[in-house]
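We will go stop by stop, picking side chains and helices.

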Amino acid sequence: MSTAGADRRRWIALAIVMVASFMDLVDVTIVNIAIPSIQQDTGASFSEIQWVTGGYALAFAIGLITGGRLGDVHGRKRLFLIGITGFTLASALCGLATGPEMLVAMRILQGGTAALMVPQVLSIIHATFPAEERGKVFGMFGAVVGLGAVSGPMIGALLTEWNLLGLEWRPIFLINLPVGIAGLLLGRRFIDESKAEHALKLDLVGVALASLGLLMLIYPLTHGREAGWPLWGYLSMAGSLPVFVLFVVYEKAKTRRDGSPLVELSLFRVKSFAAGICVQLAFGVALGIFFLVWTLYMQVGLGWSPLKAGTTGIPFSIAVSTAAGLSVQKLVPRFGRKVLQAGALVMAAGVLTYIWEANRYGTAITPWQMVLPLVVMGLGMGLIVAPITDAVLSEVPRRHAGSASGLINTVQQVGNALGLGLVSVAFFGAMDDVVAPDARGTAFGGAFVHAMWWVTGVLAAVFLLMFALPRKRAAAGGAGAVADGPVLDGAVLDEAVLDGEVAADASDGANGAPEDRKSALV
């Protein structure tokens, strides 16, 4: 093949994987804005609505590391194509769902197939482009992901508002069909196959134990309120603890046996990494609570249309993007972790401002009155999400950078799913089981304020946990300290990192908070 032909192939391959990442990101943000329409059309309960978003996040989190390893073992192109096929099929079934139960099941399938598709993206780029071109490539990739973060809510709002062919909310999923089919056909032709030279083995027992423990914890949180908080719920949550203990014991044994555990437990001996994992978990919880509650507050409580709610969030997205770029390029190199701590305090100040405004204006609040708290929140979030992974990784040994990055992203997804489960307590727990239509605005407004106090408390915990992060980026030795390659979401994209089993997991951030992925690429 000529040099020009090979060059054209790789740029087409880049476009394909970029579009796949865009599709995954947009699908998450689209769903958030369409939730009230889904509930009205399907008759879904609030717990089922929580699982429409939380089920995706949980399946995605559980499958991320395994998806990366499968690509390393069996070929990144093969797993990417399997993933995009499954994602497209699951999207079609979501759009054709006959009831909330089917929709929840298909969203879980969507999350699982996204976990096969997304981790391959960075590895395919790494195998396709030489080191000297990757800076430009990841800059383009970041722009595309940023576009997905901003445009997702608007696309979802427009598709829901237009009610194409009388399909209500269903086009938000069906729009993936032509995109996914094109990606599959073009990917088969233009993406070259690659595998890791030394791939780690799969840890399916570890995946099963982690999945069981998380389900035992999150399922009762989500369904407990509607079921009247039965005894089995408390027993299930309590029983999740010994399951997690068993998981740790098994992972230690797996490490001794073949050195390929799902979670590299030795990483937790690094104080800053252990604290950083707690930061990511807590931050994911805060975002999981906020984004779902915010949507319900605007559309169900205040009665706003999807388009009105979608446009209200634009200042927030712009603020996140602006602060993220400033944080990485100017502030963190000079002030270190103080920037992240300032971000937590600024974001909390935005939430407190939102509480004050919601109390003052009640159901008469307007989108313009929400601009101030949303911009303040966005600025605070932007100061955190771009540099946080690099700060957490700064003292991690370079040889573990890929595993650590994958674990960080997995934990934030778990936090997001946990936050979505806690909505039943933080938001719905502050309302009566049955709310009269004429009292809905007041009830939802009060529940929104109650949930925002939860978010404020979690952000305070995030601020305190950040004291365990390094004051400044390490000068040498740590994964975050390596300066000879572009850094994406904390993982150094060179042979030492991307040849590992889960380095590609660093390509993805929090689904519930799409700005994480965008700003990590700034």
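Start with the charged pairs: a search of the whole structure finds 5 salt bridges. The term means a side-chain nitrogen of Lys or Arg within 4 Å of a carboxyl oxygen of Asp or Glu. This is a predicted model, in which local features need pLDDT of at least 70 and side-chain atom pairs count only at pLDDT 80 or more, while totals for chains, interfaces and linings use all residues. Residues are numbered from 1 along each chain as its sequence is written, and side-chain values use heavy atoms, with hydrogens and water left out.

**Stop 1: D27 and R107.** Select both side chains. They meet in a salt bridge, at 3.0 Å from N to O. D27 sits in helix α1 (residues 3-42) and R107 in helix α4 (residues 100-117), so the pair ties together parts 80 residues apart in sequence. Helices here are DSSP runs (H or I, at least four residues), numbered from the N terminus. Both D27 and R107 are buried. Buried means under 20% relative accessible area, exposed over 50%, and partly exposed in between (1.4 Å probe, protein chains only).

**Stop 2: R170 and D41.** R170 lies in the loop between α6 (131-162) and α7 (171-174), 129 residues from D41. R170 counts as buried, at 17% relative accessibility. D41 counts as partly exposed, at 38%.

**Stop 3: D72 and R76.** Select this pair next. It is a salt bridge whose closest N and O atoms are 2.8 Å apart. D72 is buried, with a relative accessible area of 2%. R76 is buried too, at 4%.

**Stop 4: helix α8.** Select residues 176-190. These 15 residues reach 20 Å from first C-alpha to last, close to the 21 Å expected at 1.5 Å a residue. The expected span is 1.5 Å times one less than the number of residues. Which residues of α8 are buried? Colour N176, G180, G183, G187 and F190.

**Stop 5: helix α11.** Select residues 271-301. The end C-alpha atoms are 43 Å apart, which agrees with the 45 Å that its 31 residues should span. Of those 31 residues, 27 are buried, so α11 is largely enclosed by the rest of the structure. Finish just after α11, at G303, which takes a positive phi of about 75 degrees.

Terms used: Helix = DSSP H or I, 4+ residues; strand = E, 2+ residues; numbered from the N terminus.
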